[in-house]
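Let's take a friendly look at how the parts of one protein pack together. Have the sequence and the 3D view ready, and follow along.

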Amino acid sequence: MIKNILEFFVRAWKDAAIRAKIINTALILIVFRFAAFLPVSGIDRESLQSLFLGSPLLSLLDVFSGGTLANFSIMALGLTPYINTSIFMQLMTQIVPRLEELSKEGEVGREKINQYTRILTIPLAVMQSIGVFLLLRGQGIVDATSPLALVALIVTMATGSMFAVWMGELITEYGVGNGVSFLIFAGIVARLPVTFGRLGVSFDTGVPTGTIIIAILAILIVGVIVLINEATRQIPVQYARRSRRPIPGASSSYIPLRVNQAGVIPIIFAVSLVLMPSLLSQFLVGVGNPQVAQAALVLARAFDPQSVFYNVFYFALVVGFTYFYTAITFNPENIAENLQKAGGFVPGIRPGKQTENYLNRVLNRVTFVGAIFLGAIAVLPSVVSGFFGASHLVVGGTSLLILVSVILELTRDIESQLVMGRYESVLR
């Protein structure tokens with residue numbers, strides 16, 4: 001197995017085009033990691049580190065910022081505003097007719113939607129910058145009090161977020177894989193030594209036993225993630241001999257329904273919502289009103305990562321968003337209609353409405369497995385950390401899901417480019 005992996009990377013490096021993309025990606029990553037350590041002025045570093053060490057939820061948010069939020073660098077917001085805007089635009093594409101038309105216009109339409117996404121990211125980054133400022137000021141971490149210092153802080157954070165988006169797009173265009181996903185991947189990998197260092201001293205059962213437990217769990221979780229991500233339910237399709245037109249979403253012999261159709265998007269949705277009560281409670285504590293402070297304390301206890309209510313709520317959110325996101329990204333009605341127009345049919349199922357109902361039924365069953373899987377990945381680290389006393393394990397499952405998903409996507413991208421290179425050499 002290791003030999004095959006090494007041969008794969010050797011073949012990729014020998015290809016001149018892929019080698020250039022790998023070098024471009026490495027150079028962009030160096031700039032990204034350098035910018036991740038450029039500090040924002042007016043921040044009490046020691047108090048900030050203490051806040052993140054005492055809040056697993058903020059540590060989870062730091063995962064999606066690529067590790068820049070805990071350092072509070074100029075890119076403290078990371079890619080979070082762009083990710084949220086991209087998800088919003090993807091939802092709007094299914095609702096707004098004009099955006100739906102643009103999505104069907106090929107590369108030109110997608111570029112136009114991307115342009116709208118980048119424009120909408122700017123006000124969202126400003127809003128999130130203000131929210132972070134209010135939160136940190138309530139904790140006594142921000143020293144900036146003058147209007148000029150406040151404006152400088154907000155502009156710096158919003159600009160840093162857009163700079164991260166630009167570097168992600170550079171990787172997408174001139175590097176390998178999806179740039180945004182790869183930058184989040186790089187941020188998680190960069191923080192792995194710190195995470196492992198904290199885990200080594202956090203297990204109540206001792207460092208050797210804790211290390212063995214976390215290693216076994218990580219291997220098992222990675223194996224399950226790979227299995228679920230690659231699993232598909234193949235629905236056979238037959239075509240009339242007179243029709244040879246391909247249809248979107250189907251091959252010549254089957255329609256693949258992925259078990260994890262939604263990817264990591266439902267967890268990002270759920271994290272955004274489950275963080276709000278905790279962040280709100282931390283903000284209300286600094287108000288000074290005893291009644292408000294008491295309400296904030298109750299809210300903080302309810303959404304403590306070790307509480308039963310938090311885990312059930314988090315699990316339910318992930319499952320619900322999995323069904324929701326799958327429903328808007330895979331439309332059985334369109335698939336059934338395209339099948340009928342192309343002269344295709346599922347054996348034993350009549351074309352049209354019956355095919356649509358059949359696809360809906362199969363999709364619901366497949367999505368159930370994917371939803372339970374994502375929900376378990378989301379809450380399993382919290383449950384395990386409470387059972388073994390490892391206080392820094394709460395980001396493990398989500399981090400591993402992102403890491404494995406990006407690696408699989410990157411491998412498929414490089415493999416497709418190698419196959420394309422072989423075809424081009426044969427044509428020459």
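A nonpolar core is a set of buried Ala, Val, Leu, Ile, Met, Phe, Trp, Tyr and Cys residues joined through side-chain atoms within 4.5 Å. Keep in mind that this is a predicted model.

**The cores**

In soluble globular proteins, nonpolar side chains tend to be buried together. Here the largest nonpolar core has 74 residues, and Leu79, Ile225, Ile235, Ile267 and Tyr314 touch the most other members.

Two packed helices are described by the angle between their axes and the distance between the axes. Here are two such pairs.

| Helix pair | Axes come within | Crossing angle |
|---|---|---|
| helix 2 (residues 16-35) and helix 9 (residues 147-174) | 9 Å | roughly 170° |
| helix 9 and helix 10 (residues 179-190) | 7 Å | roughly 115° |

Because helix 2 and helix 9 cross at roughly 170°, helix 2 is roughly antiparallel to helix 9. Among the residues that meet are Ile28, Leu29 and Phe32 in helix 2 and Phe163, Met167 and Tyr174 in helix 9. By class, this contact has 11 nonpolar, 2 polar and 1 charged residues.

With axes crossing at roughly 115°, helix 9 is therefore roughly perpendicular to helix 10. The crossing of helix 9 and helix 10 is right-handed. Their contact includes Gly168 and Thr172 of helix 9, and Gly179 and Phe182 of helix 10. It has 6 nonpolar, 3 polar and no charged residues.

Terms used
Residues numbered from 1 in each chain as written. Predicted model: local features only at pLDDT ≥ 70, side-chain atom pairs only at ≥ 80, totals over all residues. Heavy atoms only, no water. Axes fitted to C-alpha atoms, helices over the stretch in contact; angles between N-to-C directions. Helix = DSSP H or I, 4+ residues; strand = E, 2+ residues; numbered from the N terminus. Parallel < 35°, antiparallel > 145°, perpendicular 65-115°, else oblique. Contact = heavy atoms within 4.5 Å. Nonpolar A, V, L, I, M, F, W, Y, C, P; charged D, E, K, R; others polar. Buried < 20%, exposed > 50% of the residue type's maximum accessible area, 1.4 Å probe, protein only. Left-handed = near helix turned anticlockwise from the far one by under 90°.
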